[in-house]
Amino acid sequence: MRGEETRRRILDAAIAAFAEVGYEAAHTRLIADRASVKLPAIAYYFGSKEGLYRAVIQHITDQYEKRMAPVAQRVQALLADATASREDVLDLLCELLENLTDVLLRPTNPESWRQLIVRAEVENVSGLAPLRDCMRQNTGHPCMALISRLTGEPQDTEQTWMRAIALLGEINIFTKPQVRGSLGWTEYTDERIRAIQTLVCTNARSIFATLGSTEE
């Protein structure tokens, strides 16, 4: 248990350091100091700085998958059911959007996670593939599949992908600190998260009320 606690402290310190200063500037000495461990502990638990970075990305990926995979599995089951109604599809799309809103606005260390990923994308740091794949599998593709069922358009078209990006982007915009600040919010409370979920789902239902029909 002591070893697991030490490993977690190093992970948390690494997430914060990579988010604040980037991969290159986040030296192992800095991470060790922040984690209140001796420098060799990083090598003992993770092998190297690169190994630690991979562990950080895997940790974030595991948490994301844990939250989103159950909904993605229900999407697969519903789409395999030829008797599923249009309302069933819309309900599950809203559940996916609501769940993603909760994941993005209320995870552990949300700001650090988002800052780390943004920095990694900008700096073109390798190692993000597992997280990207997880997000596509558990969010992007299920969202496209539901949209395809609602519109009658093939799932792999550019139009379907654009619709998915627009829906998911409506949630992602609220992850920006400047957007939260413009609303006069210092944090996302349960009430505010519910308000965003209601807004996103209302918009989705309005959009697909006039696009296609599973009963056509």
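Helix α6 gives the most to the lining of the largest cavity, with four residues. Helices here are DSSP runs of H or I with at least four residues, numbered from the N terminus. This is a predicted model, in which local features need pLDDT of at least 70 and side-chain atom pairs count only at pLDDT 80 or more, while totals for chains, interfaces and linings use all residues. Residues are numbered from 1 along each chain as its sequence is written, and side-chain values use heavy atoms, with hydrogens and water left out.

A cavity is a set of points, on a 1 Å grid over the protein atoms alone, where a 1.4 Å probe fits but cannot get out; a pocket is an open set with protein on both sides within 12 Å along at least five of seven lines, and lining residues have an atom within 4 Å of a point. Points are joined across faces, edges and corners, and a volume is the space filled by probe spheres set on them.

The structure holds one cavity of 30 Å³ or more. Its lining includes F18, Y53 and R119, and α1 (2-25) and α6 (110-123) each supply at least two residues.

Now to the pockets:

| Space | Volume | Largest share of the lining |
|---|---|---|
| Largest pocket | about 860 Å³ | α6, eight residues |
| Second largest pocket | about 170 Å³ | α4, seven residues |

Of the 29 residues lining the largest pocket, Y64, L104, I117, M135 and N172 are the closest to its centre. Among those lining the second largest pocket are E65, H141 and P142.
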